[in-house]
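Visitor: I would like to learn how to read local features in a structure. Please take me through some of them, one at a time.

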Amino acid sequence: MKKWLTFVLVFGTKLAHADPLLDSWLTSTSGQYARIFPTIEDETAGNSVTTWNRGQGVQNLPTYAGVHEISHDATNIYIRTTGLGAHIMGPWYGNEAKTNLFPNYPSNQAIIYRLPRTPGPPPGTKTNTGLGRIGIFVDGVSMFDSRDAFSYDTSEGRDESPMTPPQVDGNDVWNRDAYVNEGVTFDASNAHQGGSNYHYHANPPGLRHLLGDSVDYDPATNRYTENFNGQHSPIIGWVRDGYPLYGPYGYSDPNDPNSTVRRMISGFRKRNITVRETLPPHAARDQNRSETLTSDFFGPPVSTQFVLGHYLEDYEYLGDFGQTLGTDFDLDEHNGRFCITPEFPAGTYAYFVSIEADGTPKFPYNIGRKFYGTPQGNTTNNVPAGATTIFQGGPETPLTCGLDVTNDVVTLTWSTLEGGLYLTQSSPDLEDWQTDTATQDANALSIIEPASDPKKFYRTSLLSLSPFDDAGFQYTPPTPTTQNNVLLIIVDDWGIDASPLDNPTGANLASMPNFVNLATQGVRFTNAYAQPQCSPTRAGILSGRFSFRHGIGSPGGANFPVGETSLPDAFANASSPHAVSMIGKWHLGGGDNGPFDNAAWPDARVALSNIPSYTLWDKTINGTTTTGVTTYATTDQADDAINFINTQNNNSNPWFCWLAFNAPHGPFHDPPSELIPSGLTGTTNSIRYRKALEAMDTEIGNVLQAVDLSTTNVIIIGDNGTPGQVFQAPFLAQKVKGSLYEGGVRVPLIVAGPDVYARGTRDDLVHCADLFPTILDLAGVDNNTAIPADTDLDGISLLPALTGNSATPRTILVENFGAGVTNPGRALRQNQYKLHIYDDGTEEFYDVVQDISETNNLLLGTLNPEQQQAYDDLVAESSNLQNQGGGNTTATGILNVSPNTSTVGSTITVTINLDPNKTDPAVPGINQTINRVTLGGVTATSSSRPSRYVVEATFTLPNTPGSYAMEVVFNGPQARTFGLNDAFEVTP
């Protein structure tokens, strides 16, 4: 029995215009990234890449291949294209041995190419092709003519390019053949780049294969093979004069579409010459000069260096030597003919690609030395306002759907856009929709149903799109369909050893039923990291950036920088309708108005830092502090959240609530009995810590009762590891809160809600800074408008993971520096390996999957090759991060200079002491090198760092007495600058 599925589907614009100029473009690959093989080794291994950087070809973000928009008005068609092929491009080498890489890779050209809708009557006087783009192929790649821009300079006895000095320019009489002279640099599709402009000079087999034109492809070798399929070639490009360029196969009788299809025969052959003292007639016409040359325009004699075919002028046109077009050969001196084609049943002038039978390019390759028509086409800066757009691809590639019924199994398949995150859902009644899959970077989404299943409706939608190089794209990011609420709950001093889900065999665990129940409705991350102490974690969540950037490395003197883009800033920047509120522990400085002045919270009901008692504490509401509050702090904070949520729900406002409990941070205490399970007794620190967690979980349950979980995403995270007084296995003493060890930085993290389609656990490496972009995504806030473009955001949105997609490879960085830190340093994790680098120069290296308690320092033994590679990668990443610097670029951070006075013109070495308590910015770790030290604008002749907070520098002092300002600048794109004005006196 056959099973029938009904599906919901919206088709994108389809090209169906019966106009070859509009319909011939390769659009089926528009939604895929452009790719290259950087080297032969990559080609052999099949390792193509979507980002690269060599010479002028810089592609730091992926971009989409080829044509991504087609528009037209009454007179012209407009093609938006990246100019990058849809086949895998590269590799490119400069020599036959393939040992020297070509100097440039290609990159997104971001062009609009304009072509005339009608070519007009062919002119009597033909125009020579020029250098650069003479047309465009249907995949959006540039078409170049048969020259390589070099010509022979008779006076110098060598080939010269137009870029050499004028006195040694080539004469443009003997013009070099690009295929013969540059073919060694071509990739498998006979293309390379001038600068970063990828282009074809000759038969493009990669494009022809995609068009189904008699070319086979072997992906194992990245090689194309000519294999005639008996079919007329398709249009593969359009020349500037508006005439089409076909592949090599056409009708044997140009006027009979029923005649045999065969390879078109070029009208050119090599000359029979040994010296180059005359031009062939066609070249003389092209150059408007005599066939007989004077000696100052002679070319070099034919030799092994200057082989026959080295120059275009080494070929002659058969029509000049008694042979007949249409009888002895097919193509005129422009490499075209007037003929009937499948796209032009009434006939057209058309160019044809010239090849040998095996696909080897044959002169004159694509078109001859002159255009047949008037070259009207060219690049343009804009598409006219009144133009009609008939295709949008790239990031706007429409979904298409296919249905297959085989052996009573129904397969429904949607094509997808690379970099897109798609959600597929099913429903029995078009009302109750259930999530089936959420997939990113797949070539298609497929639903396979056996015949026994009941009838269903299906739908799929694009959730988000990965960042891409959008230069040249006229693109509006998808508007979020929902703007759901977000509740962020931060638990103070709660590592995975104290979590009933993350450490189920722990000896003394709170049951936390509300936390456990919420986790079953969403995703629990088993490798989530916070900073070793609370303030850096809060700053990381609030800014989406690592500590070295915002400068907060410890709670001591923590002061959230005013210049940072905070979460409230981001909501405001994007004009989000969400009401936002900060409730609970602040601990990021700025006094009573810190949440307003430093982080732009419009509503803040906070404990400014830690509280001395949960039943006698100070509370600050929107800048006004009330002392001696006796309401149990955890209950008071939950009540504030409930009141905020109810108010917004009553007003139908979407909202974001930051609820940061002080619990279970000390002082360890007995909460109200009604908040904890009966029978939980005892007065030890561990029992009281557990009671505080249970009381907090009870209040979390009360908050969740006010929340509609169908419209609210909930995040719960610990802010650092468990305190040393109450930690438990698997962690060890001195390797808990306040340390860089797993016990100090591994924390529980769960996310649940309407935008969380996955369930269960994830082992992705996750950082607290990831919550910044994740919260914005979950709220439907456009990150592009919410975050300034020049922000170095370290957080990576967890949305793909929350919808069941693969993990993003990344490095986790945790840091410890600033006031009160006894052993400053940083730790980095990739995969299972974690490297500690301390400011005193010591290092530790662990496999934290096998050794979560970090007792076996692998550096004390011999690393195996895998461990060595991981260690080297982490050292390199640490160096890279150190060199990025961070924080504010203008700050007074020099405590004193010794000595601080000397005479004019003298050379002196000084010791500069930097402020260890400075947080905006903080003094970078010892691995970050000095850029320069200046005194009154004079740069030190030498400088060094004996320790993190001490710099030594040698100066030759100015010759003018006075007080001089001093600065110490550290390396990095965001260089940290420390200064002390009028610190040094130069005396007479």
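Guide: Start with Arg-688, which counts as partly exposed at 23% relative accessibility. The cut-offs: buried is under 20% relative accessible area, exposed is over 50%, and partly exposed lies in between, with a 1.4 Å probe and protein chains only. This is a predicted model, where local features need pLDDT of at least 70 and side-chain atom pairs count only at pLDDT 80 or more, while totals for chains, interfaces and linings use all residues. Residues are numbered from 1 along each chain as its sequence is written, and side-chain values use heavy atoms, with hydrogens and water left out.

Visitor: Which side chain does Arg-688 meet in a salt bridge?

Guide: First the criterion: a side-chain nitrogen of Lys or Arg within 4 Å of a carboxyl oxygen of Asp or Glu. Here Arg-688 meets Asp-670, at 3.2 Å from N to O. The pair joins distant parts of the chain: Asp-670 is in the loop between β38 (655-660) and α12 (685-705), Arg-688 is in helix α12, and 18 residues separate them. Those labels are DSSP runs numbered from the N terminus: helices are H or I with at least four residues, strands are E with at least two. Asp-670 is partly exposed too, at 39% relative accessible area.

Visitor: How many salt bridges does a search of the whole structure find?

Guide: The search finds 35. Take Glu-316 and Arg-269, whose closest N and O atoms are 2.8 Å apart. This pair also spans the chain: Glu-316 sits in strand β20 (residues 315-317), Arg-269 in strand β19 (residues 268-270), 47 residues apart. Check accessibility next. Glu-316 is buried at 10%, whereas Arg-269 is partly exposed at 33%.

Visitor: Are Glu-742 and Arg-746 buried or exposed?

Guide: Both Glu-742 and Arg-746 are buried. Their side chains form a salt bridge too, at 2.5 Å from N to O. Bridges can also share partners: Asp-492, Arg-538, Lys-585 and Asp-719 are joined that way into one network.

Visitor: How many disulfides does a search find?

Guide: The general idea: a disulfide is a covalent bond between the sulfur atoms of two cysteines. The test is a pair of cysteine sulfur atoms within 2.5 Å. The whole structure has zero.

Visitor: Which residues other than glycine have a positive phi?

Guide: Two examples. Ser-575 has phi near 50° and lies in the loop between α9 (567-573) and β34 (579-585). Ser-575 is exposed, at 64% relative accessibility. Asn-831 has a phi of about 50° and lies in the loop between β44 (825-830) and β45 (833-838). Asn-831 is exposed at 60%.

Visitor: Which peptide bonds are cis?

Guide: Read omega. The bond from Gly-90 to Pro-91 is cis, with omega near 0°. Pro-91 is in the loop between β4 (76-81) and β5 (111-116). The bond from Ser-898 to Pro-899 is also cis, with omega near -10°. Pro-899 is in the loop between β48 (894-898) and β49 (901-903).

Visitor: How many residues has the largest nonpolar core?

Guide: A nonpolar core is a set of buried Ala, Val, Leu, Ile, Met, Phe, Trp, Tyr and Cys residues joined through side-chain atoms within 4.5 Å. The largest has 57 residues, and those with the most contacts inside it include Trp-25, Ile-70, Trp-238 and Tyr-351. A second, separate core has 50 residues, among them Phe-560, Ile-715, Ile-787 and Leu-799.
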